[in-house]
Amino acid sequence: MRKISEYLQTRRLYEKLKSPFIIEVVIVIFSSLIVFGFAQEHDAFEHLVELSREHEDWELDELFIVLMIVSLALLVIIFRHTQYLKNEIIRRREVEVEINKLAFYDSLTGLANRDLCNDRLEHTLAHAARLDSSVAVIFLDLDNFKEINDTFGHDYGDEMLKQVAYRLRAELRKEDTLARISGDEFFIILDSIHTPSSISILADRLLRQLAQPFSLKGQDAYIGLSIGIAMYPDDANCAKELVKVADIAMYHAKSEGKNTYRFFSSKLDQQAKNKLDIRTQLRRALENQEFSLVYQPVIDVASNRLKGAEALLRWNNKKLGMIPPDVFIPIAEETGLISDIGDWVLLQACKQNKNWQEAGFSAIVMSVNMSARQLGYDKYIDSVVECLRNSGLDAKYLELELTETTIMRDVDMAINRLDQLKSLGIKLAMDDFGTGYSSMSYLRKLKLNRLKIDRSFIRNIPYSKEDAITTKAIITLATNFNLKITAEGVETLEQLAFFQQTDCDSVQGYYFSRPVAPTEFKKFLLEPQFKRVRSH
Ligand SMILES: [Mg+2]
């Protein structure tokens, strides 16, 4: 009701603005008539004509004087009207903006209101239908907001809603729509393609943002958030239905104990729950010492001797058991935990290598995988330097493995940081080579030491002619670029024999050993010469 009366008031103001324009015109015409009449009444024209006769050089006649007065009046009218129209346009625009605001925006938070939200959702769905893409919507409801109003009063409640709106907005991109659709209910439309996992990360971020205390006029207040997520076209294929199922999902979240999120689709919900579980456990994995490293020997092709080791991360969680790296590494990257985990891996691997050297074994190169995200962190180079210092390992015994994605995200930044790593004396290897899209010109710029051919090329060697040709071509290319080659995933004698006939300098894979714990790895250090095998 308040909104309607505000709207009507503005409408009346808008109507009022029209009348001064007409009044102005009437006043100017009326004044001109009075002046003209007054001049006639007092024979002003004759006086002026007489005056002009007395002064021969004036040469004024009656008609000229009349024209002069009329022109002056017209000029005044035009000037006044131009000014008036200018002000009028400005005022009308302001009023239109105001009307628009009242009609489509929430006056408290400045967010889109329910009407605008519905309108945008219709548009977004129509657009998605044309492009055959998907849309995600998020229904948010504050938990126990009534308590805030009851405890602190409505002013404080309003203040909190404003702060909530601000925090939610900060987590979204410009193109996403955030609306306040009623008292303590908000709605988000994510109009570009989102995967369920990226939506669950966003939901998690929104929950975290709102979990921080709110400062209500000096006092700390807390609020929870229940989130329901629905996807177009999987969960519903029209706006009304989509809002409804998102609302249902939100009620599921409420009934699950609040301050959480639920997908409408039970399949996505299960996936999200698993991921959420992994994410929660992953946060505590470092402090609970659940990570360990295993090492896979890298063998020199020519001599069959141990020449290095690749450190591989393993995670054994009490609740979830062993979780494969290809499941938890992407989650660690999404959540930013990869930075701490990566630092831990690097330090452990360097310390291990240093320990082996101090124990008197011949020095080997330790390869450590660098995550695509790590290189992007500003402090990455510093943490590598610190790790080398803390472990006491000479940089030449460390090789960092990066993937093509690591570089392709931001080529210039990657080249710059890799140069810095190189200047520390660290070796650089391109991992999983052949699976990404790296350009040959970048390969030269990166100043790599080694390419590691992805196991997918090696799996069918020597039976797949195509794979054998591709692998040989990669080896020729790498040798021309002065790069060393490691073949990964060598599992059979035939595969080893294939590489013995090429310029590939080292191999690793189950044929020699699977990744093993440090104690087991010692046997390779004690006996670095592997049984010499040659096929004919
Ligand atoms: Mg690797």
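Close-up 1. With 19 C-beta neighbours inside 10 Å, Asp432 counts as partly exposed, because a residue would need 20 or more to be called buried. This is a predicted model, so please read each view as a prediction. Asp432 sits in strand S13, which covers residues 427–433. Look at its backbone too: Asp432 has a positive phi of about 50 degrees although it is not a glycine. Most residues other than glycine have a negative phi.

Close-up 2. Gln289 is not a glycine, yet its phi is positive, at about 50 degrees. Is Gln289 buried or exposed? Gln289 is exposed, because 8 other C-beta atoms lie within 10 Å and the limit for exposed is 12 or fewer.

Close-up 3. Most peptide bonds are trans. In this view, the bond from Tyr232 to Pro233 is cis, with omega near 5 degrees. Pro233 belongs to the loop between strand S6 (224–232) and helix H9 (239–255). Where is Pro462 found? Pro462 lies in the loop between helix H17 (455–458) and helix H18 (465–480).

**Close-up 4. Helices H13 and H15 pack together.** Helix H13 (residues 380–391) and helix H15 (residues 411–423) have axes 10 Å apart and pack at an angle of about 15 degrees. H13 is therefore roughly parallel to H15, since angles under 35 degrees count that way. The crossing of these two helices, H13 and H15, is right-handed. On the H13 side, the contact is made by Tyr380, Ile381 and Val384, while H15 brings Arg417, Gln420 and Leu421. Sorted by class, the contact of H13 with H15 has 4 nonpolar, 1 polar and 1 charged residues.

**Close-up 5. Helices H10 and H11 cross.** The axes of H10 and helix H11 (residues 325–335) come within 10 Å and cross at roughly 70 degrees. So H10 is roughly perpendicular to H11, because that word covers angles from 65 to 115 degrees. Which residues of H10 and H11 make the contact? From H10 come Lys275, Ile278, Arg279 and Leu282, and from H11 come Val327, Phe328, Ile331, Ala332 and Thr335. The residues of the contact of H10 with H11 divide into 6 nonpolar, 1 polar and 2 charged.

**Close-up 6. An open sheet of 5 strands.** Follow the strands across this sheet in the order S2-S3-S1-S6-S7, and you will find that the pairing is mixed. Strand S2 (177–182) and strand S7 (261–263) stand at the edges, each with a single partner strand, so one side of each has no neighbour in the sheet. From one strand to the next, the twist averages 20 degrees. Strands of a sheet pair through backbone hydrogen bonds, either parallel or antiparallel. Strand S1 (residues 135–143) and S6 are paired in the antiparallel sense, over 9 bridges. To see how they line up, find Leu140, which stands opposite Ile227 in S6.

Definitions and conventions: Residues are numbered from 1 along each chain as its sequence is written. This is a predicted model: local features need pLDDT of at least 70, side-chain atom pairs count only at pLDDT 80 or more; totals for chains, interfaces and linings use all residues. Helices (H or I, at least four residues) and strands (E, at least two) are DSSP runs, numbered from the N terminus. Axes are lines fitted to C-alpha atoms, for helices over the stretch in contact, and angles run from 0 to 180 degrees between N-to-C directions. Angles under 35 degrees count as roughly parallel, over 145 as roughly antiparallel, 65 to 115 as roughly perpendicular and the rest as oblique. A crossing is left-handed if the near helix is turned anticlockwise from the far one by less than a right angle, and right-handed if clockwise. Two residues are in contact if their C-beta atoms, placed from the backbone, lie within 7 Å. Ala, Val, Leu, Ile, Met, Phe, Trp, Tyr, Cys and Pro count as nonpolar, Asp, Glu, Lys and Arg as charged, and the others, Gly among them, as polar. Two strands pair if DSSP finds at least two bridges between them.
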